[in-house]
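Please have a look at the sequence and the structure before I go on.

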Amino acid sequence: VRGVKGELLDNVKYYLAALPVIDSQRVEGREKKITEAIRKSLQAVGYYSPTIDFKYPDEKSHTLQVQIEPGKPVKVRQIQIELYDDAQKDADFLKILSSLDLETGAVLHHGKYENIKRRLKTLAATHGYFDAKIVRSDVQVYPRDEVADINIVFNSGHRYRFGAITIDGIPQTKLIQPLLRFKQGDAFDTLKLAELSQSLSQTRYFQ
């Protein structure tokens, strides 16, 4: 593979490695599949208008040479992320919006776009937004204009709260009560549960 380097080359190699083994005498019949794999690998990092040329192996060679001219990258024209329900007032969700992996003017990168959605869903799960869902998520690409628009609509629903706290299995709850950093009615947070688990382990009374 020639003509690309860095992340583009790594991505091309990754996509090509997923193809079935190709007989060197039948490689011309696989040109369409190879081209498709290369195009997808480049689109993933924002290059939608590549030129791809092949130099086929002769009888004594088993090497196919691929020359790639990636062309100009597609850049992000606008990013629109809408939050609904309790997430609108949650500082941690607002922090995600202020520290996006992508910004306007940057080269479109589908991995970074997916990471924005992943961060929203992960935060929802750890903060007790168990009804959260992504209502809309799409990337509209305009290769001729070399721009792309990103749209994400995220509805968090209402944040769950801790219910009644019961302690079973030991006669004395006084050992555990001081370790509780949350009470019934507090907003759910998996970090608080993890802290309790760690505190219980450090007492050496529990496994």
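This is a predicted model: local features need pLDDT of at least 70, side-chain atom pairs count only at pLDDT 80 or more; totals for chains, interfaces and linings use all residues.

**The sheet and its middle strand**

Strand 5 is mostly covered, with eight of its nine residues buried, where buried means under 20% relative accessible area with a 1.4 Å probe, protein chains only. Strands here are DSSP runs of E of at least two residues, and helices runs of H or I of at least four, both numbered from the N terminus.

Residues are numbered from 1 along each chain as its sequence is written, and side-chain values use heavy atoms, with hydrogens and water left out.

Three strands make up an open sheet of mixed pairing, in the order 3-5-4, and two strands count as paired if DSSP finds at least two bridges between them. The edges are strand 3 (75-84) and strand 4 (133-142), each pairing on one side only.

Strand 5 (residues 147-155) runs antiparallel to strand 4, joined to it by nine bridges, and parallel to strand 3, again through nine bridges. In strand 5, Phe154 is the bridge partner of Ile134 and also stands opposite Leu83. Strands 4 and 5 form a hairpin with four residues between them, and Glu146 in the turn has a positive phi of about 60°.

Finally, the largest pocket: Leu16, Leu19, Ile22, Ile34 and Leu64 lie nearest its centre, among 14 lining residues. A pocket is an open set of points on a 1 Å grid over the protein atoms alone, where a 1.4 Å probe fits, with protein on both sides within 12 Å along at least five of seven lines, and lining residues have an atom within 4 Å of a point.

How values were computed
Buried means under 20% relative accessible area, exposed over 50%, partly exposed in between (1.4 Å probe, protein chains only).
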